[in-house]
Amino acid sequence: MADGPDSEPASAVRRGGMTVEECQNMIQRSLRTPMVKFLKEHLEKAGCSIGSNFIKAVRCPGAMAGGYTSGGGIIVCSNHLQIQDEVTQVVIHELIHAYDDCRAANLDWHNCTHHACSEIRAGHLSGDCHYKRELLRGFLKIRGHEQDCVRRRVMKSVTANPYCSEAAAKDAMEAVWDICYNDTKPFDRAP
Ligand SMILES: [Zn+2]
């Protein structure tokens, strides 16, 4: 059993994907973006330097875009992503999980509340739910869209955790929503 059963849902409508090699090159390019640099720097400051092998492109079986496992690093699913922006987005999201794992020694990915908290933060801080991305996904509601979007994605990720039923995921998300949504570390405020 993997230690951190985190998997990011891929969008419902997907064509193609890319080769593992193309994806690996996009991961390299993502490492030069300011957000990824910033998160890498703060991981190092927190005592968790990441090696060159930490983020890997792989072909994923289920409908997932990427994942993070404690001790196993980050995977980016080449077969469910198409463009640089998507790859960078997954890398940023997963680095926030890595940061949470690093700063909280007792973080337990089998605990639905811990998992939900990290998903709330990753969803909020990575910009996964920026309105332009939501428009591309076909979710057009504007008012309150950002929080609705984060909630939807938290539920998808946490219910994919074999330790969390749908009811447990929902309860966990509601219980920690305010604290975790407002916890923007290592950023001063949500980027
Ligand atoms: Zn996640």
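Reply: Angles under 35 degrees count as roughly parallel, over 145 as roughly antiparallel, 65 to 115 as roughly perpendicular, and the rest as oblique. Please keep in mind throughout that this is a predicted model.

Me: How are helix 6 and helix 7 oriented to each other, and why?

Reply: In general, two packed helices are described by the angle between their axes and the distance between the axes. Here helix 6 and helix 7 pack at an angle of about 135°, with axes 9 Å apart, and the two are therefore oblique to each other. Their crossing is right-handed. The contact is formed by R151, V154, M155, V158 and T159 from helix 6, together with E166, A169, K170, A172 and M173 from helix 7. Sorted by class, the residues of this contact are six nonpolar, one polar and three charged.

Me: At what angle do helix 4 and helix 7 pack?

Reply: The angle between helix 4 and helix 7 is about 55°, and their axes lie 8 Å apart, which makes helix 4 oblique to helix 7. This crossing is right-handed. On the side of helix 4 the contact involves C112, T113, A116, C117, I120, R121 and H124, while helix 7 contributes A168, A169, A172, M173, A175, V176, W177, C180 and Y181. The classes in the contact of helix 4 with helix 7 are 13 nonpolar, two polar and one charged residues.

Me: Which residues of helix 7 are buried, and what covers them?

Reply: The buried residues of helix 7 are A169, A172, M173 and C180, and what covers them includes helix 4 (112-125) and helix 6 (145-159). Helix 7, which spans residues 166-181, also bends by about 45° at A175, and A175 is one of the residues through which helix 7 contacts helix 4.

Me: How are helix 1 and helix 3 arranged?

Reply: Helix 1 (residues 20-30) packs with helix 3 (residues 84-103) at an angle of about 65°, their axes being 9 Å apart, so that helix 1 is roughly perpendicular to helix 3. Helix 1 passes helix 3 in a right-handed crossing. The residues in contact are C23, M26, I27, R29 and S30 of helix 1 with Q84, V87, T88 and V91 of helix 3, and by class this contact has five nonpolar, three polar and one charged residues.

Me: What does the chain look like as a whole, in its helices and strands?

Reply: The chain has seven helices and four strands, and along the sequence they follow the pattern β-α-α-β-β-β-α-α-α-α-α. Of its 191 residues, 39% count as buried. Among contacts with a separation of 6 or more, 70% are accounted for by residues 24 or more positions apart.

Conventions:
Residues are numbered from 1 along each chain as its sequence is written. This is a predicted model: local features need pLDDT of at least 70, side-chain atom pairs count only at pLDDT 80 or more; totals for chains, interfaces and linings use all residues. The bend at a residue is the angle between axes fitted to the seven residues ending there and the seven starting there. A residue is buried if 20 or more other C-beta atoms lie within 10 Å of its own, exposed if 12 or fewer, and partly exposed in between; C-beta atoms are placed from the backbone. Two residues are in contact if their C-beta atoms, placed from the backbone, lie within 7 Å. Axes are lines fitted to C-alpha atoms, for helices over the stretch in contact, and angles run from 0 to 180 degrees between N-to-C directions. A crossing is left-handed if the near helix is turned anticlockwise from the far one by less than a right angle, and right-handed if clockwise. Ala, Val, Leu, Ile, Met, Phe, Trp, Tyr, Cys and Pro count as nonpolar, Asp, Glu, Lys and Arg as charged, and the others, Gly among them, as polar.
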